[in-house]
Amino acid sequence: MAVNPLPPGLSSDIVKPCKVWAGRMIPLTGNVYYSKIVLPQSNIKTNLLAKIASIAATAGKNPNISNAMLNRNWTNAQNQMGIPANPMIDPCRIRLRAGKKNNRIEAEWHFGGYNQGYVMMIRDNSASGNKSARLTRNDHNYAVAHTGTNSRSGIDLYSERHAQNPGRILLNSANDVTIITTNNNRSEAWDAHTKLLGEGARWNFVRGNVTRIKEDTYIGTWGNNGVVQNPGIQFRHLWCCWGSVFNKKFGISNAVVRNELLNRNPWITSNNQNVGLVANTNLQNDNIMV
């Protein structure tokens, strides 16, 4: 694709055709870029998630993709796909796989104007029950999200509107690690996986703290003499500001987060909502300082 070169860090394998989206009802035929990341056999799933997220971050930092994410200059017509003269960037899907044998995770990101560089599919061959899940955007809030399987496809569904579980480490329970077989919490378990993948591709500190980060983890900065420099932000509020504060970037460094915490108040989302930066004088073990 002349107008959308292969993002750095990915293999040259192209699987096609595949469905990409220019909008909710505008499917196009584009390419899947595929990268196989073979790691030593490991039972530590969080390591695999962090590795996949790091490669996705590299892809998201591609100048063409990052510019299109910010300015929404994505191709939106089938007859313009792959045309060198087209100044827009073709939507694409990137498929990443880490691990081997009975401990392999595969995830797909959609880079385009619709899914905005988020995880749209995940497979886990170490899971009990269903081995894969895909993103659904049909729900209005997580409370009414699909929690079982799609009756037509037999594939689990998870919500783009993250579950809220204050006080619980995202991926530190047997239910989340193995994907439980009951319908009640399966969507929530997939959500924990994809949250770490999706937000881990965006923020470096998430990848570095996948074993302890919680929804309400306080992210702050140090001032003089080891004193907490307020205000900070909770993780569950951070991703709401990905576009409005961080310009839809990937691989965001700790230094950038620190600068925004020290110099921007309030933080307003794209929906014109103040996310509420908070002071924290009672440090907890899950606090993350940048």
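Contact here means that heavy atoms lie within 4.5 Å of each other.

**Figure 1. Overview of the predicted protein model.** With contact defined in this way, residues 24 or more positions apart account for 60% of the contacts in the protein with a separation of 6 or more. The protein holds seven helices and ten strands, where helices (H or I, at least four residues) and strands (E, at least two) are DSSP runs, numbered from the N terminus. Of its 290 residues, 53% count as buried; buried means under 20% relative accessible area, exposed over 50%, and partly exposed in between, with a 1.4 Å probe and protein chains only. The accessible surface comes to about 13,000 Å², of which 47% belongs to carbon and sulfur atoms, as given by the Shrake-Rupley method with a 1.4 Å probe, in which, for residues, only the protein chains shown count as cover. Residues are numbered from 1 along each chain as its sequence is written, and side-chain values use heavy atoms, with hydrogens and water left out. Since this is a predicted model, local features need pLDDT of at least 70 and side-chain atom pairs count only at pLDDT 80 or more, whereas totals for chains, interfaces and linings use all residues.

Figure 2. Most residues other than glycine have a negative phi, and most peptide bonds are trans.

**Figure 3. Positive phi at Asn-247 and Asn-272.** Asn-247, although not a glycine, has a positive phi of about 55 degrees, and its place is in the loop between α6 (235-238) and α7. With a relative accessible area of 36%, Asn-247 is partly exposed. Asn-272 is not a glycine either, and its phi is positive at about 65 degrees; this residue lies in the loop between α7 and β10. Asn-272 counts as exposed because its relative accessible area is 66%.

Figure 4. Glu-260 counts as buried because its relative accessibility is 14%. When its neighbours within four places in sequence are left aside, Glu-260 is in contact with Val-245, Phe-246 and Trp-267.
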